[in-house]
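Me: I have a model open and would like to talk through how its pieces pack. Could you take my questions one at a time?

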Amino acid sequence: MVSGVWRSVTVWAVSTVTMLLLAGALPDFQLQSDNGDSATTIAVTAAFGAGAFGLLSSLVWPLLVRLLLLVPALVLGLLVFFLNGSLLLLALRLNPSGRGAVAPETAVVVAAVMSAVASATGAALAVRDDDAYRKRLYRLAERRRRRPVGERYPAGPGMVFLQLDGVGHDVLRSAVARGLMPTVAGWLGQGSTAGLPTHRLTPWRTDWSSQTGSSQLGILHGTNHDVPAFRWYEKDTQEVMVSNRPSSAAELQRRAVERTGHEGLLADDGASRGNLFSGGAEQLALVLSIAARRDRKTRSRAGYFAYFSDPANAVRTAMSFVAEVFREIGQSLGARMRKERPRVGRGGLYPFIRAFATVVERDVVVAAVIGDMLAGRSAVYADLVAYDEVAHHSGPRSRDAEKVLERLDRSLALIARVTEHAPRAYRVVLLSDHGQSPGETFLGRYGLTLGNLVRAGCGLPVPRRARRTHSGAEARAAVRAALRRPVEESEGEHRPPRHSEPVVLASGNLGLVSFPDVHHRMSKEEIDRRHPALLSTLANHPGIGFLLVRSEEHGGVVLAAHGVEVPVDELDDDHPGPLADFGPGAAAAVRRTHGFPHVADIMVNSYYDPADGEVLAFEEQIGSHGGLGGAQGRPFLLSPMALSAPVEEGGELVGAEHVHRVLRRWLGESDGPQVPRATVRRRDQPAA
């Protein structure tokens, strides 16, 4: 066993050799005077420089990171290299011989290489040293520990809920069968080295709005009532609600707490990491609903300090970030050269957004979860958005997305290993909030956007060149929050410039049309009187599956091609009518959404081909979710067999609110926090 002292000495020696090699290879880096020195003097200079650099990194770096929490998180990742270079310059200046010298730009390169080599050496030495590994993890936890000294941990096991954003049930099963996710395969008792299964895999069915805002609000807070889509227009406030805008997320969370009377799934000794909503947790990091707050205790970026205070973590993540940017650029160019179809634009800032989701956010969230487990928290819920971001632009079953699943599985393996060192037992539950359905964009197939089609049906001028609808993926919002930029829609979508024109919004393959000058939900009859051709234009378009509108005679009605018009109250799984291709539960999901106060005047679901599972996204995505049709509405729940089954044999797990009730039951079985706890605010009290 390599002791901690010998490991430090070994890392120092390797760093010294690395510095000597770099001094020989780089012309602007020298460790000797202009007149030359003996080999012994040069070696001593290198040893002192390496030691001073390592000591400064250990002592000064955490202080720098704490100060730099005032700097946007994404910028902090890019500053890592320059800060390390500055520390190296300082280390060489502290050398009493005065022989070390390096150009500032070269110092950045030398510091990055030395940090990477030192990190790799330390990791290699610790591979077989369980004691060292345990101590390192406990040091990480100590930085974030909040439990008073001497307080006992609860006797029952804790719960860790890990959300793999956008990973559908069938995608997970395929990845396990193909050996892409050996950790998950082991839990299911599959694979060459697997034993008996420890977990069970259960599919569940989303609501009509198959997206993170709706699903995660329901899972964490017990209700997703009145969340008709990812983005929608509210006539009473004349504003667009966007699930991944901090102000909207905070309002949705407030409404959920008011409706249910309890703070959420994580209200008692819980932690929320990388989520849109807090779940009532007191321990928060990278939570969008509190991103706009200035309170030091609850600011969403506080989780960055615990991770980046370790210089090895900072350098490793920064280097991985750069590598991921170039990986995306290479994969995008390859797809273009191969003329792959369907394909969407992946230029501009997208390579950096992808790198943030697949590297920075993943690393920070995983480190936060590890710290929570070692601190003995009772319930942890974390969202890993890497797959969802890549699948939107590369496709849900693309090689790019599969590579992300492989890396996520390694993160799961690390978290599983931490359970061996935690102060209490933990049960790990893996789940997803929705899947993704493949298919080209509506614009790509027909050469016009849904907004242009609506304008044509209303007799309004249609732009000659269609304006693309940008993706609203969760990672994009996380980046903007990290950069302290508000996550807003374009000015025209946030507040319609012309009060009489329709507001057309897209949420994957679900479209919403609202008329802002009419302060109530318009009926079919009112729409026909104002725009006689609009509903027939939409319903008969080959790229549209069905419409939902309100009828003065029948209540809610579903419209489809060739004049089909069926009241929603007459639709069910036995008589699905125009919803037959969309599978079981489609009628119930549409009927529920029809009852929402803020449902749009016209709800538009794209065409769905059940033969190949493809939909047509109204956004620039070739893997989409947000409406009905295909794999997007079939996520998964992977739970330990030590817990009760999610549903009785032959039963179905339907809706995010049902998932919340299951998770709440499991917390009770683990002698963990009981939800709901004391009511936060009576429903008859005014909102704060």
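This is a predicted model: local features need pLDDT of at least 70, side-chain atom pairs count only at pLDDT 80 or more; totals for chains, interfaces and linings use all residues.

Me: How do α8 and α22 lie relative to each other, parallel or antiparallel?

Reply: Happy to start there! Helix α8 (residues 212-221) and helix α22 (residues 656-669) have axes 7 Å apart and pack at an angle of about 30°. Angles under 35 degrees count as roughly parallel. Therefore α8 and α22 are roughly parallel.

Me: Which residues of α22 meet α8, and how many residues of the contact are charged?

Reply: From the α8 side come Ser-214, Ser-215, Gly-218, Ile-219, Leu-220 and His-221. In α22, they meet Ala-656, Glu-657, Val-659, His-660 and Leu-663. By class, the residues of this contact divide into five nonpolar, five polar and, for the number you asked about, one charged.

Me: Are α13 and α14 roughly parallel or roughly antiparallel?

Reply: The axes of helix α13 (residues 386-394) and helix α14 (residues 399-418) come within 9 Å and cross at roughly 170°. In the contact, Ala-386, Tyr-387, Val-390 and Ser-394 of α13 face Asp-400, Ala-401, Val-404, Leu-405 and Leu-408 of α14. The classes there are seven nonpolar, one polar and one charged. Angles over 145 degrees count as roughly antiparallel, so the orientation of α13 to α14 is roughly antiparallel.

Me: Why is α16 largely enclosed by the rest of the structure, and which residue follows just after α16 with a positive phi?

Reply: Helix α16 (residues 450-458) is largely enclosed because eight of its nine residues are buried. The buried ones are Leu-450, Gly-451, Asn-452, Leu-453, Val-454, Arg-455, Gly-457 and Cys-458. They pack against α15, β12, β13, α20, β14 and β17. Just after the helix, a positive phi of about 75° is taken by Gly-459.

Me: Is Val-599 buried or exposed?

Reply: Val-599 sits in the loop between α21 and β17. Not counting residues up to four places away in sequence, Val-599 touches Pro-228, Arg-521, Thr-593 and His-594. The relative accessibility of Val-599 is 7%, and the cut-off for the class is under 20%, so Val-599 counts as buried.

Me: What is the C-alpha to C-alpha separation of Ile-370 and Val-380?

Reply: Ile-370 belongs to helix α12 (residues 350-374) and is buried, with a relative accessible area of 4%. Along the sequence, Ile-370 and Val-380 are ten residues apart, and in space their C-alpha separation is 9.9 Å.

Note on methods:
Residues are numbered from 1 along each chain as its sequence is written. Side-chain values use heavy atoms; hydrogens and water are left out. Axes are lines fitted to C-alpha atoms, for helices over the stretch in contact, and angles run from 0 to 180 degrees between N-to-C directions. Helices (H or I, at least four residues) and strands (E, at least two) are DSSP runs, numbered from the N terminus. Angles under 35 degrees count as roughly parallel, over 145 as roughly antiparallel, 65 to 115 as roughly perpendicular and the rest as oblique. Contact means heavy atoms within 4.5 Å. Ala, Val, Leu, Ile, Met, Phe, Trp, Tyr, Cys and Pro count as nonpolar, Asp, Glu, Lys and Arg as charged, and the others, Gly among them, as polar. Buried means under 20% relative accessible area, exposed over 50%, partly exposed in between (1.4 Å probe, protein chains only).
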